[in-house]
Amino acid sequence: KDDFEREQMLELAEVLRRRKEAKDKQPITFAEMTKLRVTVFAGFALACAPVVILLYPTGYFGPLSSRVRGLFVKHTRTGNPLVDSVAEHQPASQQAYWQYLHFMCYCAPVGMAFIAGR
């Protein structure tokens, strides 16, 4: 979704560039193209601002998910020990590895040895 709007704005800047070049009969500079892109993006932001201002009080924009919050807020728990350990920048416990990887905990070193031996 975000890429779609960005691509549309870049295309609009390209259309405006081609029109200006056709009118002036000379190519525009890099600085002029940058200014044109900034103008298009700023216009889009100004056009979206009233919609955001109207929708924000209604609760349309919900809170971040617990997994995303767990990355930034220390006391938030997701219930998944692997995600929590990444959020806290701590190594996962052996119990977490066993719960999520089960017998692969023991097969992985054998596989790595096999690959290294080739």
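**Figure 1. Helix 2 and its span in the predicted model.** The expected span of a helix is 1.5 Å times one less than its number of residues. In this predicted model, helix 2 covers residues 30-55 and has 26 residues, and the distance from its first C-alpha to its last reaches 37 Å, close to the 38 Å expected at 1.5 Å a residue. Helix 2 also carries a kink of about 30°, which lies at Cys48, shortly before the proline Pro50. Elsewhere in helix 2, the residues Met33, Leu36 and Val40 are buried.

Figure 2. Arg17 belongs to helix 1, which is made up of residues 2-24. Which residues does Arg17 touch, not counting residues up to four places away in sequence? They are Ile28, Met33 and Leu36, and of these, Met33 and Leu36 are buried residues of helix 2.

Figure 3. Side chains of opposite charge can pair when their charged atoms come close. The side chains of Glu14 and Arg17 meet in a salt bridge, with a distance of 2.8 Å from N to O, and both of these residues are buried. Glu14 and Arg17 both lie in helix 1, three residues apart, which amounts to about one turn of the helix. Arg17 also forms a salt bridge with Glu21, at 2.7 Å from N to O, and a polar contact of 2.7 Å joins the side chains of Arg17 and Glu21. Because Glu21 and Arg17 are four residues apart in helix 1, about one helical turn separates them. An α-helix has 3.6 residues a turn, so residues three or four places apart point the same way.

Figure 4. Are Lys20 and Asp24 buried or partly exposed? Lys20 has a relative accessible area of 36% and is therefore partly exposed, and Asp24, with a relative accessible area of 33%, is partly exposed as well. Lys20 and Asp24 are four residues apart in helix 1, so about one helical turn separates them. Salt bridges that share partners join Glu14, Arg17, Glu21 and Arg37 into one network.

How values were computed. Residues are numbered from 1 along each chain as its sequence is written. This is a predicted model: local features need pLDDT of at least 70, side-chain atom pairs count only at pLDDT 80 or more; totals for chains, interfaces and linings use all residues. Side-chain values use heavy atoms; hydrogens and water are left out. Helices (H or I, at least four residues) and strands (E, at least two) are DSSP runs, numbered from the N terminus. A polar contact is a pair of N or O atoms within 3.5 Å; within protein, one must be able to donate a hydrogen and the other to accept it, and residues adjacent in sequence count only if both atoms are side-chain atoms. Contact means heavy atoms within 4.5 Å. A salt bridge is a side-chain nitrogen of Lys or Arg within 4 Å of a carboxyl oxygen of Asp or Glu. Buried means under 20% relative accessible area, exposed over 50%, partly exposed in between (1.4 Å probe, protein chains only). The bend at a residue is the angle between axes fitted to the seven residues ending there and the seven starting there.
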